[in-house]
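Let's take a walk through a protein model together. Have the sequence and the 3D view open, and follow along one stop at a time.

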Amino acid sequence: MHSTLSFSQATTVPTTNYAFHSQSPINLRFCGLRREAFGISILTRSSSGRVRLSTRGRSKRTSASTGNNGTPPKSFDYDLIIIGAGVGGHGAALHAVEKGLKTAIIEGDVVGGTCVNRGCVPSKALLAVSGRMRELQSEHHMKALGLQVSAAGYDRQGVADHANNLASKIRSNLTNSMKALGVDILTGFGTIVGPQKVKYGKVGFTDNVVTAKDIIIATGSVPFVPKGIEVDGKTVITSDHALKLEFVPDWIAIVGSGYIGLEFSDVYTALGSEVTFIEALDQLMPGFDPEISKLAQRVLINPRKIDYHTGVFATKITPARDGKPVIVELTDAKTKEHKDTLEVDAALIATGRAPFTYGLGLENINVVTQRGFVPVDERMRVIDANGNLVPHLYCIGDANGKMMLAHAASAQGISVVKQVTGRDHVLNHLSVPAACFTHPEISMVGLTEPQAREKAEKEGFEISVAKTSFKANTKALAENEGEGLAKLIYRPDNGEILGVHIFGLHAADLIHEASNAVALGTRIQDIRFAVHAHPTLSEVLDELFKSAKVKAPASTSSPISEPVAA
Amino acid sequence: MANVLQTSFLPSTSSLRRRSISGSKGKSQSLQVKAKIREIFMPALSSTMTEGKIVSWMKSEGDKLSKGESVVVVESDKADMDVESFHEGFLAAIMVEEGGVAPVGSAIALLAETEDEIAEAKAKSQSSSNSTPQVVEEKPKQIEEAAPDVPAAAAAPSVPVAKAVTLGSAVHPASEGGKRIVASPYAKKLAKELKVDLGTVVGSGPLGRIVAKDVEAAAVAVPVAASPAKPDPVAPGIELGTVVPFTTMQGAVSRNMVESLSVPTFRVGYTITTNALDALYKKIKSKGVTMTALLAKATALALVQHPVVNSCCRDGNSFTYNSSINIAVAVAIDGGLITPVLQDADKVDIYTLSRKWKELVDKARAKQLQPHEYNTGTFTLSNLGMFGVDRFDAILPPGTGAIMAVGASQPSVVASMDGRIGMKNQMQVNVTADHRVIYGADLAAFLQTLAKIVEDPKDLTF
């Protein structure tokens, strides 16, 4: 029941602008809405959060004066302490218990973090509603199926309750699963006071200090709000507020057209709002494979009540007050000149997520964050200011910024647990799938075509691209949802899968055949003969693999060539 | 990127190629001889493709094309493909807009060899687009499309348009004196589609913002207001054997009439004795009261008692009960039809109503009606009685619930209940109504009330 996918967005950083280009092929530019573990829920009380942070700072000094920070303790309270009970921390804790580690998890807010409480989970509830609304409202679609439906309507509070109830349910599942396994849940905000030593406590209570052989930082992220934008939580909001669906504005400006923005545009337009996208880059949906984003724009943006401004920053957003609407000042991203002013009923800031690492006490162990992210190596080991590894300290999930997705955090956590239990492990981020739950969905694994071409040129191999359309898939046509494309980027010489991108009905569920193949190193020539049930959407991938032209022969040890049953 | 198709515009399948070339040979050849204007055809991108949808034009009219350059993205039954130009030249005219569908082999654009030929190609595309019915547009074609064909459109008195501009969104607090237009995303999209100039639209949304329904209203209104005044039409002015495109107003009428086909209408007729009304008319005629005003007044008073007949069905799911009773009266004007509206006809006294009517008719003739003066009707009257028509049937204007066709009042021989035979002036009325909101019994009751009012018209002058 973990939150699987996440919605997310071009990675962002508090200091630079929200539109930075990443060169590294691994650095997929989206981030899961996830948990933040120390748990200051910025959305509810960002100012009180700040108070708490300063409190933490002060007590830190106190403990520093006790003077025994520099030496690690000889015996430990726990084998593993995880700071932050989001999806990443939860995944790590479960695996740690399985491996026989005495584990504690520190959480200052609610268990589940961003994903469960303010991200993937409640957004899926809203998107489930928007998908159905969309279907019921599409007279043309209904007619084509021979269905007659009278007016579809919705009750805003009912929809909001559905999202909230889902979050509560998943939260209690998560909590119970940890309790049942004997993970100690320590309540309070965790601060690292020295090597293998963590202090936690609630404001106004005495702090407890616990020691552990290994520590994992899994504090997650918070919505990133560029400067100049005043968030009032009513008319200028972040995803945190939007997920409560306190009102459905007639016209909402969405700043950022990544995962978060896209998913919310799907929700809002289905509920009757009109949407204006504000994107800093020249193209909408910058994180996706260009061909996919082109098609997605044609299906998800152009026919809907959405318009957009690209190549502009929202440099100033003033909430609605004194009878005035929300005012959005747009500045040209290149010339830095004022370009336009929008007057809207609400603005949603979906410019990405910023790591939540402030007040973690990293300075006590000589670690300096980079734009807020905790620097780590490929094994999630924290790197200090001098470039040396900090022993027994790891950081996973949004806080390290490698791949801001809930399930990536969980995978990183499991990878760390493997390492501390004596098995070296490096997570292949290129095998981690991502999905955007619009209608229809978008999913991907591995490299985009431009990234693959760059890599191919650098490393001197050839790449090929295969594509199949949902229009040729029986199941998709039965559902009258033939709009869609699956795209495979591969090496024709050895059949290696470099990237798979899907836009179409249930794309988020379809991607796993490809991501599993990437994770297991399965080559196209081996997977192409695997049998798919007919008629299913999975045949889109079947056809995709079959249409690839690979020179290498199928490996003889291919499991599918062996007899399955006696 | 979509597959780059080297085959270019010409259909690649041999059978299709043969067909399409032979189909268009005559036209394009004669052109090529004269001006080297080539047609760009919808290519066959797969063996099963019969028609293609234009996803996007990568070039716009007037752009220079070099050989092998991608010009248009076409969506077939399988996938999207970029289509390249086979020839060098200028994209002179796009004949199928983005989103439009065209059969394989039909012309979708014209390619001119030199810049000078662009105008010629454009002219050609216009004449041929009028005669290429096979080009199926996904969205309803815009009315203004025909505008360039209307001679004198630009030179015609553009007074109403200018008026409308001043009416524009200047009321919006942030519009800086009309410099900035605040319109919702969908309103902007619709305006582009319906070719409505947002500067001429009055916003009714929050803080005067222009919303979709304002654009829709303007789309119906603008062509009517802007329709050019033609020189006095003489019947023989019609040249037989020609096809004359609609003026913008006629286009709007046509669209409205077709739109009304989607409304389930029914008709109820009634014969009303008008002796008393005729007597009243004679009495107060000298005070400037017109028969139209009397009928409108009587109708409005009857509507007060039957609000459902004054309602309409906007979305197919609900009754919209109008707060005021605005009687629209159809008036034939040169080359068209317009419906000036007597607002609050139930509340305004008969003399004021008559003056108002005269003013509206004068304005209508001068083509100076403001949008609110012809598109706010809640119930429509159409009277052909003056031509001696004794009964007819009207088409319901979209957005309203009912229209009443009024025939001539004629002396008739009537048998009365007491067994006598007498003469009475009688007129037939026939109401067409939207059965989604107005039912037979509603109309019957309304007509009964109307008959009572007309037969005992003392309330009309109160």
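We start with a record: for "binding site" (unreviewed entry), UniProt lists A:Gly256, A:Ser257, A:Gly258, A:Tyr259, A:Ile260, A:Gly261, A:Leu262, A:Glu263, A:Glu279 and A:Gly352. UniProt positions are given in the numbering used here, feature names are shortened, and annotations may be inferred rather than shown by experiment. Before going on, some housekeeping: this is a predicted model, where local features need pLDDT of at least 70 and side-chain atom pairs count only at pLDDT 80 or more, while totals for chains, interfaces and linings use all residues. Residues are numbered from 1 along each chain as its sequence is written, chains are lettered from A and ligands numbered from 1 in the order in which they are written, and side-chain values use heavy atoms, with hydrogens and water left out.

Now pick two residues from that list. A:Glu263 sits in helix H8 (residues 259–270) of chain A, and A:Glu279 is in strand E10 (residues 274–279) of chain A. Helices (H or I, at least four residues) and strands (E, at least two) are DSSP runs, numbered from the N terminus. Are they buried or exposed? A:Glu263 counts as buried because its relative accessible area is 1%, and A:Glu279 is buried too, at 5%. Buried means under 20% relative accessible area, exposed over 50%, and partly exposed in between (1.4 Å probe, protein chains only).

Stay with A:Glu279 for a moment. Its side chain makes a polar contact with the side chain of A:Ser257, at 2.7 Å. (A polar contact is a pair of N or O atoms within 3.5 Å; within protein, one must be able to donate a hydrogen and the other to accept it, and residues adjacent in sequence count only if both atoms are side-chain atoms.)

Next, look at where the chains meet. Chain A and chain B bury about 2,000 Å² between them, 47% of it on carbon and sulfur atoms. Buried area is the accessible area (1.4 Å probe) that two parts lose on being put together, summed over both. In chain A, A:Trp251, A:Arg298 and A:Glu343 lose the most area to chain B, together 27% of what that side buries. The contact (heavy atoms within 4.5 Å) takes 30 residues from chain A and 25 from chain B.

There are 2 salt bridges between chain A and chain B. One pairs the side chains of B:Arg209 and A:Asp345, at 2.8 Å, N to O. A salt bridge is a side-chain nitrogen of Lys or Arg within 4 Å of a carboxyl oxygen of Asp or Glu.
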